[in-house]
Amino acid sequence: MIELGKMQTLTVQRIKDFGIYLGPKGDEEHSVLLPKKQVPEGVQVGDELPVFIYKDSEDRLIATTSTPMLQVGEVALLTVKDVAPIGAFLDMGLEKDLLLPFKEQNHKVSQGEACLVALYIDKSKRLAATMKVYSYMSAESPYKKDDKVTGTVYEINENLGAFVAVDNRYYGLIPQKELYGRYHEGDTVEARVTKVREDGKLDLSPREKAHVQMDADAQRVLTAIASYQGVLPFNDKAAPEVIEREFHMSKNAFKRAVGRLLKEGKIRITEKTIEQI
């Protein structure tokens, strides 16, 4: 069987001036064209070739020896090459670009943007992309608590947090309470696994454990004080919103960092400021 959207090894059945026809071994009834410019030199009838199957501009199955960035059912980060009235077109590593219909976008995309998408076959039996990748994720990750992971943000929920595709394959979530800073769909994040749930999904944090993170936070606070000519115009009693805006950290993390600097004798706290010593 010739599978649309998949890499597969097919057998050379016939050789023509304009290319070769390939099909499953022993199956003469089904074939697909590999255009001449894609045909390896010296190929003979009976040879086997690894190819990817997609559809040309006339909606006919066609083979290519080029390797796409993803296959049906897979997820990958692709770049928007153009935006048209029917949707966006993505570079998937082939001559023909991949359509991302408007209805499959979770936000309006623009040219040059990197989008995390899954490849699927639509109702018209054509290849298409979707940004709704949740159902394509796996809960069978190899990671455990405190492992470091890399992933792509694919959805942000103001109540739950940022959904992350770890390795672009596994379910991950940065809970809302851990979301300090600005995150957008398509962002690449490095995080620590804080919990592996019973269903296999991963809870993540972009921050280190408290005792490790404290060093980085203390340095960040010290750098900020220096940018204010040595006098921060608020102290450790500032509103959480102010701290999040200035430092992208929680008030508790800020107070821990200030406490570290105070203990080290690098700052002093007044009724309205924090001053560098």
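The following dialogue examines selected features of a predicted model and the grounds on which each is described.

Biologist: Why is lysine 55 called buried?

Modeller: Its relative accessibility is 14%. Buried means under 20%, so lysine 55 with 14% counts as buried.

Biologist: Where does lysine 55 lie, and which residues does lysine 55 touch?

Modeller: Lysine 55 belongs to strand 4, residues 48-55. Leaving aside residues up to four places away in sequence, lysine 55 touches Leu4, Arg60, Leu61, Ile62, Lys96, Ser124 and Lys125. Leucine 4 is 51 residues from lysine 55 in sequence, while the two C-alpha atoms are 8.0 Å apart in space.

Biologist: What makes the pair of lysine 55 and lysine 125 a polar contact?

Modeller: A polar atom of the lysine 55 side chain lies 2.8 Å from the backbone oxygen of lysine 125. The cut-off for a polar contact is 3.5 Å, so the pair at 2.8 Å is within that limit.

Biologist: Why is asparagine 235 described as buried?

Modeller: Asparagine 235 has a relative accessible area of 9%. The class of buried residues is under 20%, and asparagine 235 is therefore placed in it. Its place in the chain is the loop between strand 16 (231-232) and helix 2 (240-247).

Biologist: Which backbone oxygens lie within polar-contact distance of the asparagine 235 side chain?

Modeller: The backbone oxygen of threonine 270 lies 3.2 Å from a polar atom of that side chain, and the backbone oxygen of glutamate 271 lies 2.8 Å from one. With the limit at 3.5 Å, both distances are within it. Not counting residues up to four places away in sequence, asparagine 235 touches Phe254, Ile269, Thr270, Glu271, Lys272, Thr273 and Ile274.

Biologist: Why are aspartate 59 and aspartate 167 called partly exposed?

Modeller: Aspartate 59 has a relative accessible area of 32%, and aspartate 167 has a relative accessibility of 35%. Partly exposed lies between the buried class, under 20%, and the exposed class, over 50%, so 32% and 35% both count as partly exposed.

Biologist: What is stated of phi in aspartate 59 and aspartate 167?

Modeller: Phi of aspartate 59 is positive, about 70°, although the residue is not a glycine. Aspartate 167, also a residue other than glycine, has a positive phi near 55°. Aspartate 59 lies in the loop between strand 4 and strand 5 (61-64), and aspartate 167 in the loop between strand 12 (161-166) and strand 13 (170-175).

Biologist: How do you know that strand 6 and strand 7 pair?

Modeller: Pairing needs at least two bridges. Strand 6 (residues 75-84) and strand 7 (residues 87-91) have five bridges in the antiparallel sense, so the two strands count as paired. Alanine 84 stands opposite glycine 87, and two residues lie between the strands of this hairpin.

Biologist: What makes strand 16 and strand 17 the edges of their sheet?

Modeller: The open sheet of three strands has the order 16-18-17 with antiparallel pairing. Strand 16 and strand 17 (267-269) each have a single partner strand, so one side of each is left without a neighbour in the sheet. Strand 16 is joined to strand 18 (residues 274-276) by two bridges, and valine 231 has glutamate 275 as its bridge partner in strand 18.

Biologist: What is the volume of the largest pocket, and which residues are closest to its centre?

Modeller: The largest pocket has a volume of about 250 Å³. Of its 16 lining residues, Lys96, Asp97, Leu99, Arg126 and Leu127 are the closest to the centre. Strand 4, strand 8 and strand 10 (127-130) each give two or more residues to the lining. By class, the lining holds ten nonpolar, no polar and six charged residues.

Biologist: How many cavities of 30 Å³ or more does the structure hold, and what lines the largest?

Modeller: There is one such cavity, and the largest cavity contains about 40 Å³ of space. Its lining includes Asn106, His107, Met131 and Tyr154. Strand 9 gives the largest share of that lining, three residues.

Terms used
Residues numbered from 1 in each chain as written. Predicted model: local features only at pLDDT ≥ 70, side-chain atom pairs only at ≥ 80, totals over all residues. Heavy atoms only, no water. 1 Å grid on protein atoms, 1.4 Å probe; cavity = no way out; pocket = protein on both sides within 12 Å on 5 of 7 lines; lining within 4 Å. Points joined across faces, edges and corners; volume = space filled by probe spheres on them. Helix = DSSP H or I, 4+ residues; strand = E, 2+ residues; numbered from the N terminus. Buried < 20%, exposed > 50% of the residue type's maximum accessible area, 1.4 Å probe, protein only. Contact = heavy atoms within 4.5 Å. Polar contact = N/O pair within 3.5 Å; in protein donor to acceptor, adjacent residues only side chain to side chain. Nonpolar A, V, L, I, M, F, W, Y, C, P; charged D, E, K, R; others polar.
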